[in-house]
Amino acid sequence: MIISEKIKEFTTAISQTITNQTFISLSLGNYKGSEENLKNLYVKRILIKKEEKLSFTYRYKTRDIVKNFSIAEAVNMIEKFLLEGFKVSTLFSTESDLQFEILNTGKVTLKKKPSSKSTASLDHDKNKKRLIPAQNKSYLTDLKITDQEGNVFKNAQDKYKQINHYVEILSSLIKEIPTEGTIKVVDMGSGKGYLTFALYDYLQNVLNLQPEITGVEFRADMVALCNNIAENAAFKSLNFVEGTIENYENKEIDILIALHACDTATDDAIFKGIKAEAELIVVAPCCHKQIRREIEKHKATNDVDFLTKYGIFLERQAEMVTDGIRAMILEYCGYKTKVFEFISDAHTPKNVMIVGIKNHKSNPDKTQLLKKIKDAKSYFGIEYHHLERMLGI
Ligand SMILES: C[S@@+](CC[C@H](N)C(=O)[O-])C[C@H]1O[C@@H](n2cnc3c(N)ncnc32)[C@H](O)[C@@H]1O
């Protein structure tokens with residue numbers, strides 16, 4: 001089949017999706033035409049004075065130009081662009097993704113795949129007011145959560161919800177601490193930075209605060225990626241440093257965050273927060289190997305040993321005991337604590353969040369707390385808890 005026929009087949013499919021109201025968007029790429037610096041073309045549907053039109057965003061190397069056309073005009077232009085310039089185009093509809101491609105060999109292909117942008121969920125997301133809207137956020141696009149037009153990818157819906165849920169939690173916690181001047185935040189084990197970027201965006205652009213956020217991460221590739229994304233987003237006071245939580249030196253921390261840092265890395269993070277007298281410490285622990293090993297090693301005889309002989313219950317108990325002792329240690333160090341489910345465990349089993357808010361008003365009964373920590377350790381056959389050992393209590 002010659003190219004023009006295949007293009008006709010593709011543009012007919014575009015027209016059909018517009019007629020039957022299943023059109024979501026169209027993207028064109030791999031431009032080889034004569035227009036200097038043109039990279040991509042994105043097409044979406046808009047209503048102007050009750051007339052349906054197609055809006056073209058021409059993406060050039062350094063700028064975007066938007067032009068709107070009637071449907072007939074637009075389809076003709078797309079046909080012309082495919083004949084003369086763009087080698088790849090994808091039509092996104094609620095029913096399927098249709099990809100048109102002119103290969104280097106001159107062969108033309110048209111491939112249909114299941115829809116990657118379900119409007120049902122998109123509409124739902126658009127209707128629901130999110131603290132972090134999906135539109136016009138270069139970092140969400142760079143992190144592959146949204147496409148260029150701000151549509152959340154189908155496979156990123158859970159991540160996007162998690163980001164918003166996290167920001168919701170943080171937004172209510174932040175109300176409990178002083179926020180004048182620069183707020184220094186350290187995110188320990190920041191990984192790909194999904195939550196770090198969202199928090200920076202929220203603090204700076206929604207709450208109009210002055211955040212200074214550092215992501216600490218030992219994977220150099222993640223650090224480089226995140227610093228590029230931060231630069232692209234013009235997030236000037238957000239930076240990522242390569243290094244370990246244990247060796248991170250910073251005496252000034254207002255908010256310490258560690259989400260899903262493995263095993264004792266969570267203790268290392270809490271320790272840094274306590275030492276810096278952070279106003280807010282927020283951790284979502286990951287695995288709980290250190291205490292599990294202790295419980296397994298000493299095999300204490302107690303009222304619940306009928307449970308801990310089973311691996312799965314031992315695992316759950318190690319999690320509760322580790323985190324329960326962490327919460328008591330935070331109280332011992334002058335923090336008011338909260339422990340709650342972070343996200344439904346349908347999404348991840350790592351779903352507990354421990355929060356410490358510096359309590360400037362009341363003094364904890366340290367003797368009583370110390371006794372409780374020691375009793376808990378002895379009951380479960382635990383020689384030491386990593387956080388307790390680091391603090392020397
Ligand atoms: C499971 S990921 C979580 C990333 C991010 N906090 C989130 O919740 O999306 C844990 C990250 O912590 C990093 N990490 C674990 N232990 C660390 C340590 N001791 N020092 C620095 N980074 C660490 C890992 O490389 C990984 O990127």
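In this predicted model, the C-alpha centres of domain 1 and domain 2 lie 46 Å apart. Domain 1 covers residues 3–116, and domain 2 covers residues 156–391.

Strand β12 comprises residues 280–284, and five of its five residues are buried. In a regular strand the side chains alternate between the two faces of the sheet. Leu280, Val282 and Ala284 are buried on one side of β12, while Ile281 and Val283 are buried on the other.

β12 pairs with strand β11 (residues 255–259) in the parallel sense, over five bridges. Within this pairing, alanine 258 has valine 283 of β12 as its bridge partner. Together with helix α8 (residues 263–275), β11 and β12 form a right-handed β-α-β unit. β12 also pairs with strand β14 (residues 352–358), here in the antiparallel sense and over four bridges. Valine 282 has valine 355 of β14 as its bridge partner.

**Ligand surroundings**

Around the ligand there are 14 residues, of which Gly189, Glu217, Ile245, Glu246 and Leu259 come nearest.

| Residue | Protein atom | Ligand atom | Distance |
|---|---|---|---|
| Leucine 259 | backbone N or O | nitrogen | 2.9 Å |
| Histidine 260 | polar side-chain atom | oxygen | 3.1 Å |
| Phenylalanine 218 | polar backbone atom | nitrogen | 3.4 Å |

Taken alone, the ligand exposes 600 Å², and the protein buries 82% of that area.

Definitions and conventions
Residues are numbered from 1 along each chain as its sequence is written. This is a predicted model: local features need pLDDT of at least 70, side-chain atom pairs count only at pLDDT 80 or more; totals for chains, interfaces and linings use all residues. Side-chain values use heavy atoms; hydrogens and water are left out. Domain bounds come from an automatic or database domain assignment. Buried means under 20% relative accessible area, exposed over 50%, partly exposed in between (1.4 Å probe, protein chains only). Helices (H or I, at least four residues) and strands (E, at least two) are DSSP runs, numbered from the N terminus. Two strands pair if DSSP finds at least two bridges between them. A crossover is right-handed if, with the strands pointing away from the viewer, the path from the first strand over the helix to the second runs clockwise. A residue is near a molecule or strand if one of its heavy atoms lies within 4 Å of it. A polar contact is a pair of N or O atoms within 3.5 Å; within protein, one must be able to donate a hydrogen and the other to accept it, and residues adjacent in sequence count only if both atoms are side-chain atoms. Accessible areas come from the Shrake-Rupley method with a 1.4 Å probe; for residues, only the protein chains shown count as cover.
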